[in-house]
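Here is a friendly note to read beside the model. Please keep the 3D view open and look for the places as they come up.

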Amino acid sequence: MAIYINGAQAISPQNTFLSPEIPKDLIKYDGMMQNVLPDFKNYFNPIEMRRMSRIIKCSSAAAAECINEAEIDTLNAIAVGTGLGCLEDTEKFLNKMIDTNEGMLTPTTFIQSTHNTLAGKIAIDYKCTGANFTYAHKTISFESALLEAILLIKEGNKNILVGGVDEITPENYNLRKHIDHWKEEPYNNLDVCNSNTPGTVAGEGAAYFMISADKTKNTYAEIKMVELYHRSNGISALSKNLNNRLQDAGLSFDDIDLVLFGYNGDSISDTYYHQVKDMIFDNHVHGYYKHYCGEYDTSASFGVWMATRIIKQNDVPENVILGKRKKDKINNVLLYNQENNKNHSFIVLSAC
Amino acid sequence: MDSLIRQLKEQIIDHLNLEGLSPDDINEKEPLFGEGLGLDSIDALELTLLLERGYGIKLENPQEGKKIFQSVETMAEYIQHNKK
Amino acid sequence: MGNRVFVTGMGIISAIGNNLEENYNSLLNKEHGISKLDILETVHKDEIVCGEIKLTNEELLQRLKLPENTTYPRTTILAIHAAKEAYNDAGLANGDTAKTGVILGTTVGGMDKSERYYRHPEENTDFINTHNCGYTTEKVADSLNLQDFVTTLSTACSSGANAIMLGARLIKNGIVDRAIVGGTDSLSRFTINGFKTLFLLDPNPCSPFDKDRKGLNLGEGAGILVLESEKLCNEKKKYCEISGYANNNDAYHQTATSSEAKGPFLSMKNAIEVGKLKAKDIDYINVHGTGTDNNDFTEGIAMEKLFGEHVPPFSSTKSYTGHTLGAAGALEAIYSILSIEYNVIFPNLNFKQRISELSISPATVVIDNAGIKNVMSNSFGFGGNETTLIFSKE
């Protein structure tokens with residue numbers, strides 16, 4: 001059974017929203033990378049916005065444009081991945097609780113703090129009474145939602161909206177400085193792949209995809225494989241497992257025209273990408289994307305957005321390519337993401 | 001009464017985070033819920049807390065709010081009678 | 001069609017017991033676990049009652065033979081406790097090679113540590129990495145030495161039920177052969193204060209489906225189930241089959257269910273269809289039954305709409321454990337399965353008078369030899385997230 005991506009829209013720290021192609025000029029950041037925001041007044045009225053924090057607005061606007069683009073009759077279900085959910089609302093409630101010694105609290109930020117606020121809001125807006133799932137598992141939150149969509153299509157659904165949404169707040173950014181999560185400032189997002197220093201660059205984003213059972217004129221790509229390994233058990237086991245799964249999808253390693261790596265600039269975590277690059281995909285064309293979006297739990301969703309544009313335009317922008325190798329025709333893109341040698345995810349998208 | 005109504009409108013805009021609305025956009029005679037401003041049960045709780053913290057009026061049963069929060073005017077009248 | 005999915009092991013810790021047997025005995029003897037707080041510190045401790053597990057983190061760690069300086073959040077400790085019992089109960093041991101998924105649901109994750117150290121990260125930075133929902137799932141996987149597949153759902157009060165549902169569907173679709181599934185949540189000041197601002201806390205032990213119900217009691221706990229495909233558990237003791245499941249959204253409001261109860265109706269109806277059953281086949285419903293005005297009324301409306309004149313016996317076991325949020329769906333799945341295992345219906349506590357708009361009332365005494373083949377368990381949550389599971393005697 002073939003599964004297609006019929007809509008793909010991303011709000012990100014770059015000018016990606018509603019863009020048919022990958023922006024050639026990157027916005028440079030020397031600290032945390034935050035979303036380039038659209039004019040939300042075009043999407044929501046003031047009454048509606050009273051309970052929409054920045055992440056909820058980004059999520060709902062990206063979802064709206066994705067649904068719009070896909071031109072579907074019915075939305076059957078929604079699956080959203082978010083590592084930390086509505087962080088700003090969580091922080092507001094937590095801070096007020098501490099500041100007032102559990103005194104002057106109000107319900108709104110508490111309600112908004114639940115992870116499934118994002119998916120629930122879209123269900124209300126589109127009167128979607130079908131399944132509504134929110135996955136919150138660190139760096140595989142988005143991939144889990146994607147896997148969910150594949151199950152839902154296999155179970156007979158036609159159109160599933162899948163999102164990857166997270167936000168970075170100044171407070172969380174400062175908090176994670178205590179565990180040396182980030183590079184020392186000022187850093188440069190454009191240097192993600194050659195910094196050779198520990199720590200990553202902070203990012204965020206809201207990317208939505210329409211995962212559908214039918215191919216249409218709007219189809220970007222076909223999803224050939226979504227494979228997750230909590231632990232890899234070493235390169236040879238990983239290589240063998242991947243080879244088997246690619247074969248199940250009617251592909252081989254040789255068919256992969258581009259491997260998009262989740263390099264995030266952290267010299268420790270990046271060694272695991274190097275291993276997979278050098279030992280499994282040594283002869284392939286390599287690319288990367290987190291200099292566009294920064295690192296966050298659902299950053300793989302930005303990678304998938306990028307892959308939809310690469311396949312549709314048959315063009316890999318210069319600043320996406322890692323190394324010197326190139327290829328004229330890009331049919332099959334494999335995305336690889338991981339988190340310090342845990343939660344390895346492999347997604348294959350194919351032109352169709 | 002007029003100044004209380006004005007103050008209430010400002011507080012409602014602030015408490016409910018109605019960014020982009022001004023006091024003049026709210027008609028004190030129009031319903032706050034449903035057809036009028038379009039508020040819902042969560043807003044009712046926020047307004048209950050506004051009464052408690054802004055005017056020292058504690059509603060024992062949140063259901064009482066239904067009558068009081070019909071409009072800005074009914075709210076103002078209730079506050080005038082019950083303010084401590 | 002897909003693989004059939006069976007429950008072969010269960011583990012539980014809640015305010016009414018630290019294992020399966022203790023929980024079962026409490027339900028049978030109508031002994032609830034709702035009390036004043038002894039362990040969690042909050043300024044509201046004199047105003048509320050909760051379903052608190054009366055073991056400190058240190059005592060729980062001792063029981064698990066983990067070092068006392070372990071910095072796991074309470075949510076994680078509870079989950080490991082239940083997971084070890086479930087794994088043993090299924091006759092499994094470290095080193096088993098079947099392709100296994102670990103899928104949990106939680107709402108607060110490591111919030112108990114975050115709210116304690118948030119303003120003092122210099123004292124302890126561990127909470128920054130233990131706050132997220134996925135942390136617990138990975139620690140459970142580590143504790144059982146499972147490496148294949150992990151993921152976590154956070155869909156408010158239906159999280160645990162949705163984790164069970166995903167495990168069953170992954171096995172059905174051949175993606176894994178076995179799944180360790182369930183839900184876990186500890187009490188926290190964050191949730192107590194949150195529900196307090198919503199005026200949803202009953203200061204006394206809750207009375208689900210009663211006319212004068214005043215709200216819910218929060219609780220804590222973890223429930224873990226071992227699910228296996230038919231081919232893996234051919235020769236084994238099986239508690240039951242997971243026959244039906246569905247998740248639907250009410251698509252009406254963030255916290256309240258619509259008065260026509262569209263979402264709850266759909267999830268019950270669709271779960272029955274997935275199970276290829278008829279409404280009349282359901283012998284008992286373990287209802288969501290939080291004790292709030294809105295939930296019990298709308299859940300009742302949905303049951304009357306679906307079952308007509310023949311609503312099966314039902315009860316809310318939240319009157320024993322409190323509402324354990326992300327764990328609730330898993331605890332109640334286990335109680336539903338115990339109901340099949342011992343052919344008994346557990347009573348709903350504190351019920352006095354029927355809700356005037358409804359024509360149904362819950363079971364209030366233990367019903368033995370209840371002839372139970374199919375049990376339905378409802379879990380509804382914020383965001384209009386409604387899940388129904390159906391367990392069937394083999």
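How do the residues of the lining of the largest cavity divide into nonpolar, polar and charged? Point 2 has the reply, after some ground rules.

1. Ground rules. This is a predicted model, in which local features need pLDDT of at least 70 and side-chain atom pairs count only at pLDDT 80 or more, while totals for chains, interfaces and linings use all residues. Residues are numbered from 1 along each chain as its sequence is written, chains are lettered from A and ligands numbered from 1 in the order in which they are written, and side-chain values use heavy atoms, with hydrogens and water left out.

2. Rolling a probe the size of a water molecule over the atoms shows where empty space is left. Here a cavity is a set of points, on a 1 Å grid over the protein atoms alone, where a 1.4 Å probe fits but cannot get out; lining residues have an atom within 4 Å of a point. A volume is the space filled by probe spheres set on the points, which are joined across faces, edges and corners. The count is 4 cavities of 30 Å³ or more, and the largest has a volume of about 280 Å³. It is lined by 22 residues, and A:Ser113, A:Thr114, C:Thr107, C:Val108 and C:Phe190 are the closest to its centre. As for the opening question, the lining divides into 11 nonpolar, 11 polar and no charged residues. (Ala, Val, Leu, Ile, Met, Phe, Trp, Tyr, Cys and Pro count as nonpolar, Asp, Glu, Lys and Arg as charged, and the others, Gly among them, as polar.) Helix α8(C) gives the most to this lining, with 3 residues. Helices (H or I, at least four residues) and strands (E, at least two) are DSSP runs, numbered from the N terminus.

3. The second largest cavity. About 70 Å³ of space lies in this one. Its lining includes A:Ile111, A:Lys121, C:Gln254 and C:Phe382. Helix α5 (residues 117-126) of chain A brings the largest share, 4 residues. By class, the lining has 3 nonpolar, 6 polar and 1 charged.

4. Where chains A and C meet. In contact (heavy atoms within 4.5 Å) are 58 residues of chain A and 61 residues of chain C. The size of an interface is often given as the accessible area lost when the parts come together. The two chains bury about 5200 Å² between them, 60% of it on carbon and sulfur atoms; buried area is the accessible area (1.4 Å probe) that two parts lose on being put together, summed over both. In chain A, the residues that lose the most area to chain C are A:Glu102, A:Phe110 and A:Thr129, together 13% of what that side buries.

5. Charges across the interface. The rule finds 7 salt bridges between chain A and chain C, each a side-chain nitrogen of Lys or Arg within 4 Å of a carboxyl oxygen of Asp or Glu. A salt bridge joins the side chains of C:Arg169 and A:Glu155 (2.8 Å, N to O).

6. An open space. A pocket is an open set with protein on both sides within 12 Å along at least five of seven lines. The second largest pocket has a volume of about 960 Å³. Among its 42 lining residues, A:Arg176, A:Ile179, A:His181, A:Glu339 and C:Asn129 are the closest to its centre. The largest share of the lining, 4 residues, comes from α3(A). Its residues divide into 14 nonpolar, 15 polar and 13 charged.
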